[in-house]
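Here are a few notes to read alongside the model, for someone meeting it for the first time. They go from a pair of helices to the chain copies and then to the pockets.

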4 protein chains.
Amino acid sequence: MYLASDNTGPAHPQVMEHVLAANEGYAMPYGADPIMERVRDRVRDVFEAPDAAVYLVATGTAANALALACYGQPWQTVFCSPVAHIHEDECNAPEFYSAGSKLTLVPGSDRMTPDALRSSIETEESRGVHGPQRGPVSITQVTERGGVYTLDEISALTDIAKHYGLPVHLDGARFANAMVALECSAAEMTWKRGVDVVSFGGTKNGCMGVEAVVFFDPDKAWEFELRRKRGAHLFSKHRFLSAQMEGYLKNDIWLDMARQSNARAAQLSAGLVEKGAHLLHAPDANMIFASFPRRIHQRLHDAGAKYYIWSGNLEGDDPDALLAARLVCDWSLSEEHIAEFLSHF
Amino acid sequence: MYLASDNTGPAHPQVMEHVLAANEGYAMPYGADPIMERVRDRVRDVFEAPDAAVYLVATGTAANALALACYGQPWQTVFCSPVAHIHEDECNAPEFYSAGSKLTLVPGSDRMTPDALRSSIETEESRGVHGPQRGPVSITQVTERGGVYTLDEISALTDIAKHYGLPVHLDGARFANAMVALECSAAEMTWKRGVDVVSFGGTKNGCMGVEAVVFFDPDKAWEFELRRKRGAHLFSKHRFLSAQMEGYLKNDIWLDMARQSNARAAQLSAGLVEKGAHLLHAPDANMIFASFPRRIHQRLHDAGAKYYIWSGNLEGDDPDALLAARLVCDWSLSEEHIAEFLSHF
Amino acid sequence: MYLASDNTGPAHPQVMEHVLAANEGYAMPYGADPIMERVRDRVRDVFEAPDAAVYLVATGTAANALALACYGQPWQTVFCSPVAHIHEDECNAPEFYSAGSKLTLVPGSDRMTPDALRSSIETEESRGVHGPQRGPVSITQVTERGGVYTLDEISALTDIAKHYGLPVHLDGARFANAMVALECSAAEMTWKRGVDVVSFGGTKNGCMGVEAVVFFDPDKAWEFELRRKRGAHLFSKHRFLSAQMEGYLKNDIWLDMARQSNARAAQLSAGLVEKGAHLLHAPDANMIFASFPRRIHQRLHDAGAKYYIWSGNLEGDDPDALLAARLVCDWSLSEEHIAEFLSHF
Amino acid sequence: MYLASDNTGPAHPQVMEHVLAANEGYAMPYGADPIMERVRDRVRDVFEAPDAAVYLVATGTAANALALACYGQPWQTVFCSPVAHIHEDECNAPEFYSAGSKLTLVPGSDRMTPDALRSSIETEESRGVHGPQRGPVSITQVTERGGVYTLDEISALTDIAKHYGLPVHLDGARFANAMVALECSAAEMTWKRGVDVVSFGGTKNGCMGVEAVVFFDPDKAWEFELRRKRGAHLFSKHRFLSAQMEGYLKNDIWLDMARQSNARAAQLSAGLVEKGAHLLHAPDANMIFASFPRRIHQRLHDAGAKYYIWSGNLEGDDPDALLAARLVCDWSLSEEHIAEFLSHF
């Protein structure tokens with residue numbers, strides 16, 4: 001009953017097999033390994049983007065911060081949700097990599113609305129040289145509260161960005177989960193809807209630690225390479241990143257895993273509702289925020305369930321007090337795991 | 001005959017076994033995995049430093065740049081060799097992580113001499129607030145030309161640094177190779193000789209990608225954690241870094257591998273001298289710089305040998321022209337590989 | 001009728017006399033001029049702070065950004081009002097000088113309330129190494145909307161900061177205006193109420209371009225000197241900064257000028273209210289935000305009055321539409337100027 | 001007998017008159033003052049560059065660091081002399097403003113030779129993504145040792161830069177002194193010889209504190225404006241910078257002053273040679289490095305002469321020991337001052 005995060009579970013066996021296989025013999029370092037050539041082609045296929053520049057790094061924060069730095073300037077501001085990972089969970093990495101950009105928190109929650117985005121963009125740069133200048137728009141898909149933007153919602157945001165000449169970044173730490181939720185293609189969720197650069201996550205969905213950065217405009221390629229090296233994110237034994245990504249994409253297990261984790265989340269949220277829990281956000285993918293009485297949390301806790309208490313405190317006098325939980329399903333959970341979790345309600 | 005670098009060979013099977021084993025089940029992310037607890041203790045044992053702060057990152061450049069940033073200020077200058085990795089091969093990562101420090105290149109070659117170091121330190125900061133201020137001294141052990149500082153040579157440098165109140169960093173990308181060359185302990189090569197912080201390399205010596213940063217003064221611990229996260233170098237599935245390091249240190253295979261690669265380099269350099277090649281630097285560890293006629297390079301090349309031509313051009317009219325090669329032995333080379341290489345002379 | 005800003009008017013004759021006098025003969029550069037020695041003593045007297053470290057720079061943005069950088073870290077966040085000058089009007093200078101800090105905008109308007117500040121501080125750093133760490137609190141006095149915090153209000157904010165161990169910066173671009181409004185001493189408005197460092201403005205109140213940075217804890221002195229030089233804000237012919245500040249403080253003309261501009265603002269706001277205008281904020285010092293009908297704006301505009309339309313558009317169909325104006329009184333305005341302005345209503 | 005620097009003397013009366021005149025009445029802030037419009041035109045005339053972008057800042061370090069930042073990238077290296085002001089005397093300001101560029105010190109002294117420059121450029125960037133990338137070339141004219149590059153020497157350097165596609169910056173803190181030494185036009189010394197951006201100094205040559213940055217390619221204009229504001233170098237009461245520059249350029253007093261200071265230096269160096277002193281560098285402009293016996297230094301010192309002892313120590317046993325002096329003539333020195341100085345030999 002491990003529901004703390006999708007980074008607490010194991011990597012998929014196929015990923016590990018590729019890593020092991022990559023360890024045979026010798027390979028050129030720093031991204032010149034032959035596996036990377038195949039991965040580049042494969043990612044281009046996945047995105048139907050034959051000219052895309054494709055790079056690998058080991059952490060999602062590196063993918064986001066490097067991608068944004070290629071599209072912004074230090075005197076600009078990045079538009080994002082107030083709960084975006086780039087704002088809340090990266091210890092100022094975007095500010096570091098951009099040499100001091102701001103992040104403008106578009107009022108609202110995890111989902112930016114077109115109106116709020118437009119209004120934020122309008123407000124910034126109304127002060128000429130005095131205020132921060134408008135920079136990239138960053139969309140998180142799946143959002144930090146488990147929501148998935150529809151394709152039209154993405155278009156609505158990128159249309160606004162384009163209107164102001166701003167580039168669009170998509171933080172896809174849970175890209176696959178969103179894609180299977182929308183039943184769309186990778187291209188449909190990105191460049192066909194106006195996205196310029198994607199952090200294409202692997203780590204949370206069955207890899208050890210690998211993320212692709214995909215630039216649909218290859219003009220950014222060389223700058224990215226220099227920023228990656230300067231950021232100390234270019235692996236010498238790069239083949240171990242390539243191998244993970246190759247194993248991840250082979251036979252579409254990346255989509256199978258995402259379907260699996262989304263299905264577990266659906267099973268879980270249905271069960272929670274049935275048991276009387278309250279869902280704080282619509283669970284579109286593999287992440288659920290639900291509130292239920294303290295005594296059930298305590299029961300789960302005693303039974304060894306692992307997850308974050310989102311609000312409230314496990315200890316307390318009132319057993320009926322409602323505490324919220326964040327519950328994240330990764331690919332490795334089974335129906336039985338979920339059923340066992342629900343059995344404690 | 002792969003002698004291009006110690007980052008082109010495979011990881012040691014024991015390292016891979018630990019990685020595979022780590023993939024079983026669940027583990028807390030971001031360094032809170034139980035393997036890391038064991039690794040921390042093990043590294044402290046290795047260094048006889050029970051209070052040391054120990055962290056893992058995936059690249060040597062990250063280890064160096066983060067360690068130096070914790071010990072320097074943006075208005076300072078780092079003293080290092082003109083061929084130090086931090087100067088030549090990190091695309092300004094130390095400058096990036098330190099927010100704009102300088103590097104003062106102590107005149108000479110790969111080995112800083114005490115006189116040259118003292119003179120460089122004296123020169124800087126003679127201009128009050130106008131010039132850069134004196135910052136950390138960074139020593140590379142094994143040097144970038146394959147040399148190993150003796151323990152007394154290290155002391156001579158750290159004594160000067162201490163005289164001026166400057167901290168000392170040791171770039172130990174090939175730490176194990178130096179240690180077995182000196183037949184000393186890790187403590188003797190570091191804090192007992194005045195080193196404050198070490199980049200303790202694993203990647204080049206049989207790991208996939210892991211380096212420890214070891215602070216003998218634990219006061220720097222929290223700052224390092226923040227800098228690592230902000231630099232996007234904190235792994236969510238951190239157990240895969242921990243596992244590599246655990247496998248690396250278990251049963252001292254790290255030292256066995258270093259002995260192995262040093263022995264191969266000794267075999268190779270002896271053979272090269274016997275064949276009439278000229279050694280450009282004394283090969284103290286696992287790296288050799290040798291010059292020999294173009295026709296032999298061409299023969300090796302045709303036979304599939306991989307290594308960097310250090311100076312000169314493989315193509316050319318004069319078959320007797322002397323070209324230099326950099327030849328690096330990693331743990332996986334056998335006596336037979338070396339013999340085969342030499343057979344082409 | 002120049003009410004656009006307190007940076008559009010002339011410097012006070014006494015300031016200019018000091019500048020002219022300073023031009024006689026020779027003086028050591030870079031802050032070693034004898035005038036600076038006197039200024040340092042004088043500022044210490046003004047603040048009743050005999051150990052304070054006192055420095056001069058030429059712009060308010062430099063004073064703010066350098067002061068904050070001495071008290072923060074790149075992985076921290078600065079707490080300030082959403083309309084603070086450091087956020088809205090410095091083109092990311094605080095982020096630049098701090099190497100990438102965030103600014104946390106404490107919800108509300110120009111005045112931070114204790115509750116909002118406490119809540120913002122509580123929220124940040126609740127995510128361990130993942131989120132930004134808590135950094136300095138920056139208070140603007142006079143606020144950007146013309147308000148003046150009472151001494152107790154300042155204490156309430158600094159008490160919270162101290163509770164969390166956070167340093168407090170006061171952006172005193174209009175320090176004198178606030179001081180005369182409160183009828184208190186410089187010490188009472190700063191260190192006696194828990195402020196650690198002050199940007200003590202001269203430019204807006206009758207100087208050409210000079211601001212003092214006053215650290216009540218002199219431990220920050222050397223770091224400030226290095227940051228100032230590295231930021232290119234150390235003047236070689238520093239005596240021209242010193243002379244301005246000496247002229248500014250002599251015979252307390254700085255307080256006379258502030259009293260003068262506050263009195264003009266009081267005259268103006270009383271007149272505006274009498275004429276039926278609506279004040280958007282309580283005008284505590286020398287800055288007024290008032291709304292009145294477009295036709296009056298047009299009349300003023302035609303008469304050559306200079307000020308910023310704060311909201312709305314001078315051109316428009318409805319002559320009765322209410323547009324807001326920002327009206328700033330500097331020391332050089334006379335009663336007649338104000339009367340003339342009001343005569344157009 | 002004040003020969004310490006050209007920043008210890010007074011500003012020219014005409015400059016001060018313009019500053020005083022600028023204080024009349026009101027002016028728009030932040031560079032929108034009408035004087036700046038005239039200054040822009042005047043500087044364009046001086047440089048015969050009708051499209052040039054022209055900006056003012058208050059310090060030479062700001063001019064240099066901002067200009068270089070507009071032409072470089074953080075992963076690049078700037079090529080300059082080992083004694084360049086940007087390296088030795090700006091406390092890492094170029095590294096700060098460029099977000100972490102390196103400076104490659106072209107071997108030699110104050111004058112870069114074409115061969116040394118070419119060789120340095122060739123060496124950098126030979127390591128692909130690993131080493132720093134090639135960035136701007138920065139030439140100091142007058143050099144830090146008082147030398148003046150001939151126009152052909154400038155062309156030889158800029159030709160090399162252009163060959164590698166690198167932009168060229170000219171640090172003209174003593175621009176006027178070089179120009180009158182060469183008897184050439186401002187255009188001939190800059191864009192006609194391949195220079196892209198100039199720090200056009202006023203401070204050392206009779207102003208209080210003002211430098212122009214002149215971009216011959218106006219495409220950099222907006223970036224400069226943002227960098228200047230973000231660096232806190234945009235003056236609100238900008239008219240006081242404009243007025244200095246207007247006074248400085250009017251009736252070519254800037255050239256008269258430079259001629260005056262060069263003539264005094266010629267008088268002084270001739271006198272020194274006659275008295276048996278040894279000149280360390282050819283004194284092409286207004287700066288002299290000369291060695292002569294300690295007893296003369298002591299005599300001068302007792303007589304109140306001010307200058308920097310460049311090497312050696314005023315105190316010492318041997319009265320005949322040779323100590324070097326740096327002697328800088330500013331515009332305000334008279335023939336009598338020099339004669340008095342020489343009278344102590």
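1. At roughly what angle do the axes of helix 1 (residues 13–22) of chain A and helix 1 (residues 13–22) of chain B cross? They cross at roughly 175° and come within 11 Å. That makes the two helices, helix 1 of chain A and helix 1 of chain B, roughly antiparallel (the word for angles over 145 degrees). Axes here are lines fitted to C-alpha atoms over the stretch in contact, with angles from 0 to 180 degrees between N-to-C directions. Helices are DSSP runs of H or I with at least four residues, strands are runs of E with at least two, and both are numbered from the N terminus.

2. A word on the basis: this is a predicted model, in which local features need pLDDT of at least 70 and side-chain atom pairs pLDDT 80 or more, while totals for chains, interfaces and linings use all residues. Residues are numbered from 1 along each chain, chains are lettered from A and ligands numbered from 1 as written, and side-chain values use heavy atoms without hydrogens or water.

3. Where the two helices meet, A:Met16, A:Val19 and A:Leu20 are in contact with B:Met16, B:Val19 and B:Leu20 (heavy atoms within 4.5 Å). Ala, Val, Leu, Ile, Met, Phe, Trp, Tyr, Cys and Pro count as nonpolar, Asp, Glu, Lys and Arg as charged, and the others, Gly among them, as polar.

4. Next, chains B and C.

5. Now the largest pocket, which has a volume of about 1500 Å³. Its lining has 50 residues, with A:Arg127, C:Pro82, C:Val83, C:His87 and C:Glu88 nearest the centre. A pocket is an open set of points on a 1 Å grid over the protein atoms alone where a 1.4 Å probe fits, with protein on both sides within 12 Å along at least five of seven lines; lining residues have an atom within 4 Å of a point. Grid points are joined across faces, edges and corners, and the volume is the space filled by probe spheres set on them. By class, the lining has 16 nonpolar, 17 polar and 17 charged residues.

Note on methods
Angles under 35 degrees count as roughly parallel, over 145 as roughly antiparallel, 65 to 115 as roughly perpendicular and the rest as oblique.
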